[in-house]
Amino acid sequence: MELVHSILNHVPEVAIFLSLALGYAIGAVKFGSFQLGGVGGSLLVAVVVSQIGISVDSGVKSIMFALFIYAVGYESGPQFFSSLSRKTLREIGMAVFLAASGLVTVLICAKIFGFDKGLAAGVAGGGLTQSAIIGTAGDAISRLGLPADEVKRLQSEVAIGYAVTYIFGSLGAIIVCASLVPKLMGRTLKDDAKKVELAMTGGQTVLSADQVDSLPPLVGRVYRVTTGAGKRVIEVEKHLTDGVTIERLRRNGKIIIATDDLVLEAGDDVMLIGRREAATEAWRLLGDEQPPSRDLDIPLRMQEVVFARKGGNGKKLGELKAGVERDVKHGVYIARITRMGQPVPVLDDTVVYHGDVVTLYGADSDVQRAAKEAGYPVAYSVKTDYVYMGIGIVFGLLIGYIVVKVGGIPLTLGSGGGALLAGLIFGWLRGKHPTFGAMPLAASSLLKELGLATFVTCVGLSAGAQAWQTLQQSGVSIFVAGVIVTIVPLLLTYLFGRYVLRYDNVAILAGALSGSRSANPAFGEVLDKAESNVPTVPFAITYAIANVLLTLLGPLVVSLT
């Protein structure tokens, strides 16, 4: 044991990665329908490992949390700002209700268990997992005019109450938000997230990263001309409502590039590309379909273009296509459209706005021509723009450092709130101008997963030993109060959201609930089980509000206990 203690103290990063490995292994185990998940598992393992006595640099926790919350904001920024409307009143109501119910629950527990101001504030900080309460409560205690010894005692009790209750505060929120809420609503996070994604795409099936269309909308076909002999290429293309383009044909063993006035002859093998519904009907005009032929095949290109066509903002897609000359759009098809990172259905009635990203599909020369008319191309890259990310995180941390006093109460976003706000803004800017600030989805997913898991692991390693010692000395009353403060406000807010605010989608409700409690580990587990970014929008709204409201509970508990 001494050898293990020596190794872990000299190389504390071993304790971190050991907790992560074992935690994710335990988190993958299912107990019926319940699964703790990697984040919760890592927290539990870290608490056990901490009993050996390990010192972990607090800077590691701060850095990993900043990376996690910035990545969350970056991904949800486009949707967050586009969703700011009267609809967000529900999220505001959720955050306010949880803060109010949390305050009342803490005060009742303090009365029942006979806690003084220090322990009551500590239980609020740990049970609601709002570390900022330690600072605001300690500052409020120092302003009570009490003797120095009494101030020191009460401030130490804030830390004790926090240490004992924080572990279950994190774990309990994970259980309620990621497991209990879906069970109560009788639906899974993943299924309801898919419903939202499906609605956002106009009923089109949303594919995951490891899926492809079995019936792709854009296809290539080869037909042997029989009934189409004597027709010009332009006649065939126009008859098929611009749904296909004849690219080339083989005549007497020679490859010929198709032109509008080229007359088809019997026996020609024609290669065309276009939308499936039109391409599969081309046999009626041309003749029987033939097997694919390599010599007729041509490379095609998919190019993302930021839509910026003059006079095109706010117009329907069908109207725009009708107003473009045939020579410009010939041979080019719209594979998909995204707006602020979210897919938009490719329908003639779809309204297109400047800043939308349109993916063009076709031969290289055709795509380049059409891209110049539509806007400006987006350079493809799998690299993260670290300059942009670094500036964003610095900007967020500096904002979080600012403290504004209102009525003598210090208000601050903190590093978490600042990094989230910066992520939201920088993600929104990237969505509006996708030519800079790239962060591929795989990169942001890694930052979120690794950042959150390492953050909670560091919390467990740092607070686990102290929490266990204090629990042995002070009895179970603090722990029980922490459980109550953790569970009761969450359940009351769930009922308020479900039956008063009328949330009917479990993925959205779980995101709003975890944000209302400023419960980052719970939110991470919700994201993991939803396998979608759908919960991020309600989380981002409620988290920003809750981070301020819950911080205010420190001085309120001190003054009302």
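Is Phe113 buried, partly exposed or exposed, and what is its relative accessible area? Phe113 is partly exposed, at a relative accessible area of 30%. This is a predicted model. The protein has 561 residues, and 50% of them count as buried. It contains 21 helices and 16 strands. Among contacts with a separation of 6 or more, 81% join residues 24 or more positions apart.

**Aromatic pairs**

- The whole structure holds 9 aromatic pairs.
- One of these pairs is Phe113 with Phe115, and it is stacked. The ring centres lie 5.6 Å apart, and the planes are 15° from each other. The pair counts as stacked because planes under 30 degrees apart fall in that class.
- The two partners of this pair can be set side by side. Phe113 is partly exposed, with 30% relative accessible area, whereas Phe115 is buried, with 9%. Phe115 falls in the buried class because the cut-off is under 20%.
- Tyr388, Phe395 and Phe426 make up one aromatic cluster.

**Helices α8 and α20**

- Helix α8 spans residues 148–185, and helix α20 spans residues 520–530. Their axes come within 8 Å of each other.
- The axes cross at roughly 30°. The two helices are therefore roughly parallel to each other, since angles under 35 degrees count as such.
- The crossing of α8 past α20 is right-handed.
- On the α8 side, the contact is made by Ser170, Ala173, Ile174, Cys177, Ala178 and Ser179. On the α20 side, Pro521, Ala522, Glu525, Val526 and Lys529 take part.
- By class, the residues of this contact are 7 nonpolar, 2 polar and 2 charged.

**Phe539**

- Phe539 sits in helix α21, which covers residues 536–560.
- Phe539 is buried, with a relative accessible area of 0%.
- Which residues touch Phe539, leaving aside neighbours within four places in sequence? They are Ile69, Val72, Gly511, Ala512, Ser514, Gly515, Ala519, Asn520 and Phe523.
- Glu91 lies 448 residues from Phe539 along the chain.
- One of the contacts of Phe539, Asn520, falls within the span of helix α20, residues 520–530. Phe523, also in contact with Phe539, falls within that span too.

Note on methods. Residues are numbered from 1 along each chain as its sequence is written. This is a predicted model: local features need pLDDT of at least 70, side-chain atom pairs count only at pLDDT 80 or more; totals for chains, interfaces and linings use all residues. Side-chain values use heavy atoms; hydrogens and water are left out. Axes are lines fitted to C-alpha atoms, for helices over the stretch in contact, and angles run from 0 to 180 degrees between N-to-C directions. Helices (H or I, at least four residues) and strands (E, at least two) are DSSP runs, numbered from the N terminus. Angles under 35 degrees count as roughly parallel, over 145 as roughly antiparallel, 65 to 115 as roughly perpendicular and the rest as oblique. A crossing is left-handed if the near helix is turned anticlockwise from the far one by less than a right angle, and right-handed if clockwise. Contact means heavy atoms within 4.5 Å. Ala, Val, Leu, Ile, Met, Phe, Trp, Tyr, Cys and Pro count as nonpolar, Asp, Glu, Lys and Arg as charged, and the others, Gly among them, as polar. Rings of Phe, Tyr and Trp (its six-membered ring) pair if their centres lie within 6.5 Å; planes under 30 degrees apart count as stacked, over 60 as edge-to-face and the rest as tilted. Buried means under 20% relative accessible area, exposed over 50%, partly exposed in between (1.4 Å probe, protein chains only).
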